[in-house]
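Subject: A structure for you, with notes

Hello,

Here is the structure I promised to hand over, with the sequence alongside. Please have a look, and then read on for what turned up in it.

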Amino acid sequence: MRRARGGRLLLPLAALFLALLLLSGCAAEGEHEEGSPVAAEEPEAPMEDKEKAALYAAIGGFVGKAWNGSGLFPDPCGQTPIQGVSCDLFNGLWYPTVVSIGPVLDNSLQCAPDARFSPQLFDLRRLKSLTFYACFPAANPTAIPAASWDKLAGTLETLEFRSNPGLSGAIPASLGRLGSLQSLVLVDNNLTGAVPPELGGLAKLRRLVLSGNGLSGPVPATLGNDNTQLRRLDELLIMDMSKNSLTGSLPPSLGGLKGLLKMDLSNNRLDGRIPPELAGLESLTLLDLRNNSLTGGLPGFVLGMAALQDLLLSSNPLLGGTLMQRGWEKMASLATLDLSNVGLAGAIPESMAAMPRLRFLALDHNRLSGPVPAKLAALPSIGAMYLNGNNLTGALEFSPAFYQRMGTRFASWDNPGLCTAETAGGAPAGVAVCKDAQDPPRVGVRDRMDGGGRKPEASSSLPASSSSAGMVTVLWWSVLAQGMAMAL
């Protein structure tokens, strides 16, 4: 009986204990709601007044004195963000890391007519990316500051100035001290002078784009890598210094850029031979050396560049040489081959038909001779082929379906000894039918002119778009030539 009575007492005691626990929990919640030391949310991270003032001053230098940054954006890394400015947390404090100015979006910050570089720009201690677009017009000539870049040496990874006709003067050599820089893009400005050799010391650089300026002098050998112990520019993927006035020959050290994917030095004044050391560019997909004065012929080592997709050497009239007769099948990735106006002589090799991905072939305006290999029409990916302006002879053995498919993207005129089989299904413009071309016509195709006094020709660098009037003129001259031959 005593044991049963004790069991009955334990149940009420347990229920009382549980009720006390619940009451204590509710009381604790009430204390938090009434303002206990434990806050419901963490307070927002602050931003140093000095960093905030530097940001306002730096932006104000570009957008104008009338810009009231502190009034419009009192919390630039929090509740009142600035378009084009991004921030990151470091040790519990906000710091601006990205500043982008220019008419990219409707609400983007835009530069004032008297924009300038503010000294406070270099006080942004955590700045990683600085970009400007259409900020300096020609009426506001401004130079890139030469000093203070070392303050950003440990943080700045991206520096891009695009489409600033008023951004003039030289590229400061001090940019070579930006040890963390990964992308240097100075495109379509008005920069002049030499390319600083100091840029070769940017060990982390992955993209170097200096196109569309007025830079002169040679390509610095320091931009290459001829000493593995120095480990210069080992990470460089893109080099583009096109559309300048660079002179001299290509430095052999460029062949040491083992990871390079794209090299564009087109539209300059470079001369000399293409250095054989470029064969070391095993990862290269684009080699663009158009519109220079290179010599020495087409280098045979290009056939060993298996990754190459675009080989563009057109408008180097002094290059000369011949097409390699064997080995083109090795270029399994090649999609664009532009060798127009480079002074090539000799025959077109049949092995060029073994490139499975070739879409664009331009051999026009050279001195090529002999027959056109019929297998070229069987290139599985071909979409444009230009053979005009050579000394090719014999009969074109392409099918009517090929001419119909290619349309104006095939050109073979201006080859006086070339003819085509008569066919009702289609024929190339400007090429005589073989049965009527036993005797050379007195009016050669090379001498034909259209109504505007120009030779009808297709451009290999741009999609062909010959006008219908030009085509009619070529055909009319063909009929006239045939009539003269019959009259004689």
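Which residues form one aromatic cluster? They are F62, F117, F132, F136 and F161.

Before the rest, a word on how to read these notes. This is a predicted model, in which local features need pLDDT of at least 70 and side-chain atom pairs count only at pLDDT 80 or more, while totals for chains, interfaces and linings use all residues. Residues are numbered from 1 along each chain as its sequence is written, and side-chain values use heavy atoms, with hydrogens and water left out.

Aromatic rings

The structure holds 18 aromatic pairs. Rings of Phe, Tyr and Trp (for Trp, the six-membered ring) pair if their centres lie within 6.5 Å; planes under 30 degrees apart count as stacked, over 60 as edge-to-face and the rest as tilted. One of the pairs is Y56 with W67, whose ring centres are 6.4 Å apart and whose planes meet at 65°, so this pair is edge-to-face. Y56 lies in helix α2 (residues 49-63) and W67 in the loop between α2 and α3 (69-72), so the pair ties together parts that are 11 residues apart in sequence. Helices (H or I, at least four residues) and strands (E, at least two) are DSSP runs, numbered from the N terminus.

Y56 is buried, at 14% relative accessibility, and W67 is buried too, at 17%. Here buried means under 20% relative accessible area, exposed over 50%, and partly exposed in between (1.4 Å probe, protein chains only).

F402 and F410 give another edge-to-face pair, with ring centres 5.4 Å apart and planes at 75°. F402 is buried at 3% relative accessibility, and F410 is buried with a relative accessible area of 6%.

R126 also deserves a look. It lies over the face of F90, at 4.4 Å from the ring centre, and over the face of Y95, at 5.4 Å from the ring centre. A charge sits over a ring if NZ of Lys or CZ of Arg is within 6 Å of the ring centre and within 35 degrees of the ring normal.

Strands

In what order do the 5 strands of the open sheet run? The order is β17-β19-β21-β23-β24, with parallel pairing. Two strands pair if DSSP finds at least two bridges between them. The edge strands are β17 (345-346) and β24 (432-433), each of which pairs on one side only. Between β17 and β19 (residues 367-370) there are 2 bridges, in the parallel sense, and G346 stands opposite L368 in β19.

Elsewhere, β10 (residues 245-248) pairs with β12 (residues 269-273) over 2 bridges, again in the parallel sense; G248 has L270 in β12 as its bridge partner. β12 is in turn joined to β14 (residues 293-295) by 3 bridges, and these two run parallel. There, the bridge partner of G272 is L294 in β14.

Backbone angles

Most residues other than glycine have a negative phi. A134 is found in the loop between β3 (129-133) and β4 (142-143) and is partly exposed, with a relative accessible area of 39%. H365 is found in the loop between β18 (360-362) and β19 and counts as partly exposed at 26% relative accessibility.
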